[in-house]
Amino acid sequence: MAFLCQRDSWARELHTRVISCKAATRTVDPKGRKEKVDGYDIILEDTVLFPEGGGQPDDRGTIDGTPVLSVTRCGNDAIHFLRSPLEPGVEVHVNVDWDRRFDHMQQHSGQHLISALAESMFGFVTTSWELGRQRSTVELDVKMMSTEQLQQLEEACNSAVRDSTPVHVQEFFPGDPELEAAHTRGLPDDIAGPMRMVLIKGIDANMCCGTHVSNLSQLQAIKLLCVEKGKRNKSNVTFIIGGRLLQYAERSYSVERSLASLLSTNAGEHVDSVKRLLNQVRQQQKNNNCLLHDLAMLTAQSFLREPAHDGLLSLHRNEGDHDFMRIIANEVADERFLVFLTVGDENAAGLFLLSGAQQAVAQLGPKVAEILEGRGAAKGGRFQGKASKMCRRSQAEALIRTYLSEFPPCEQ
């Protein structure tokens, strides 16, 4: 059976009757993430909502105002999944989410055009395709497609769009001799009833169950964004068409204006400006690392000249990293002292390091990590790790000083 959405892709609503309603649990993604939902599988006499199939996602819409969470096909039936039940036999009003439908029509018809021209121009056969949420992809059976070939393919596609090439659908029954000449990239295994062939005049004849435009001019424009290496020595061509291309241009222009304001340059200079800024940042980072290294050396040398009476070097810095703490610990490599170092925001997370006599570090390290709500590991005379509660540093330091008061460091 061909549903109304297949007989007339431009149909937006339908009055029909409920045939059956059964309780069911399905995995759906109403908010962009998959979740299991308890609801009802509903079959109608006919539907204006396209069921998922042939690489095209399902339509969304409402039945008597109730959102349809998914539409799947089972043989001749379209299964509409809703949260609430409907009484068999009652007449219902079905509405399609037109923005989603027309977007899918543009992307799907565009994919037929891209695939047909890629094969006729270069012999690149389409082995699969995916209609994504923002961008779509055609997989071509070729190891490498050049940038020049991609540009030629894009120009040929847009030429067909500018020529207002007609698109129409014909139905054929199994055994019809015209089906033998039809081009197909695969139909569902359980398809029943007449076969639908989508014909792009003078370009392609392809069996397909999806919804399509009636003229290539309705695609507006096609942009082949890139070609990338795919699996099994194949190439993936990423594309956007029509409304998606307009949205892409709007987002790109908005980013361009923001960059122009931030960088005080025109669009043609953005890349060079960012490169200069990155080089400056790298140089500043290099300078900062040198300063931190010098500061770490001076800190350690200052302590060694005048050690604290309890033998503890305790230091916290908002700026620093593992290397900063490591340098200090290396310089104060004396079991007569304990070194407790922390870096990071005092009111957030950070890093810590405890070094000194192996026995003391083994006893104190896990306790310090527990106080700081962190995790770490001991190796030799050091215990270091990450802390999620740097605000508790004073408690950890108090623990260490208590230990030193009970087990004072060895005299020189």
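Visitor: Which residues of α4 are called buried, and what does the word require?

Guide: The buried residues of α4 are R244, L245 and L263. They cover an arc of only 90° around the axis, the arc being taken from the directions to the C-beta atoms, so they lie on the same side of α4. "Buried" requires under 20% relative accessible area, "exposed" over 50%, and "partly exposed" lies in between (1.4 Å probe, protein chains only). This is a predicted model, in which local features need pLDDT of at least 70 and side-chain atom pairs count only at pLDDT 80 or more, while totals for chains, interfaces and linings use all residues. Residues are numbered from 1 along each chain as its sequence is written, and side-chain values use heavy atoms, with hydrogens and water left out.

Visitor: Which residues lie on the face of α4 turned away from its buried side, and what do the buried residues pack against?

Guide: The opposite face carries the exposed residues L246, E250, R257 and S261. The buried residues pack against α2, β8, β9, β13, β14 and α5, where contact means heavy atoms within 4.5 Å.

Visitor: How do you know whether the length of helix α4 agrees with its number of residues?

Guide: The expected span is 1.5 Å times one less than the number of residues. For the 21 residues of α4 (243-263) this gives 30 Å, and the end C-alpha atoms are 30 Å apart, so the two agree. Helices are DSSP runs of H or I with at least four residues, strands are runs of E with at least two, and both are numbered from the N terminus. Just after α4, S264 takes a positive phi of about 55°.

Visitor: What makes a set of residues a nonpolar core, and which members touch the most others in the largest one?

Guide: A nonpolar core is a set of buried Ala, Val, Leu, Ile, Met, Phe, Trp, Tyr and Cys residues joined through side-chain atoms within 4.5 Å. The largest has 51 residues, of which L113 and I222 touch the most other members. Helix α2 (residues 98-122) supplies its largest share, six residues. Not counting residues up to four places away in sequence, I222 touches L113, I114 and L245, among others. A second, separate core of 18 residues includes L354, L372, M390 and L404.

Visitor: Why are β4 and β5 called edge strands?

Guide: Seven strands form an open sheet, ordered β4-β3-β7-β1-β2-β6-β5, with antiparallel pairing. The strands β4 (66-68) and β5 (70-74) each pair on one side only. From one strand to the next, the twist averages 40°. Five bridges join β5 to β6, and S70 stands opposite F81 in β6.

Visitor: In the open sheet of five strands, what is the order and what is the pairing?

Guide: The order is β15-β16-β17-β19-β18, and the pairing is mixed. Its edge strands are β15 and β18, and its twist averages 10° from one strand to the next. Helix α8 (residues 393-406) packs on this sheet, touching β15, β16 and β17, and its direction makes about 175° with that of β15. Such angles run from 0 to 180 degrees between N-to-C directions, along lines fitted to C-alpha atoms, for helices over the stretch in contact. Six bridges join β16 to β17, which run antiparallel.

Methods. Two strands pair if DSSP finds at least two bridges between them.
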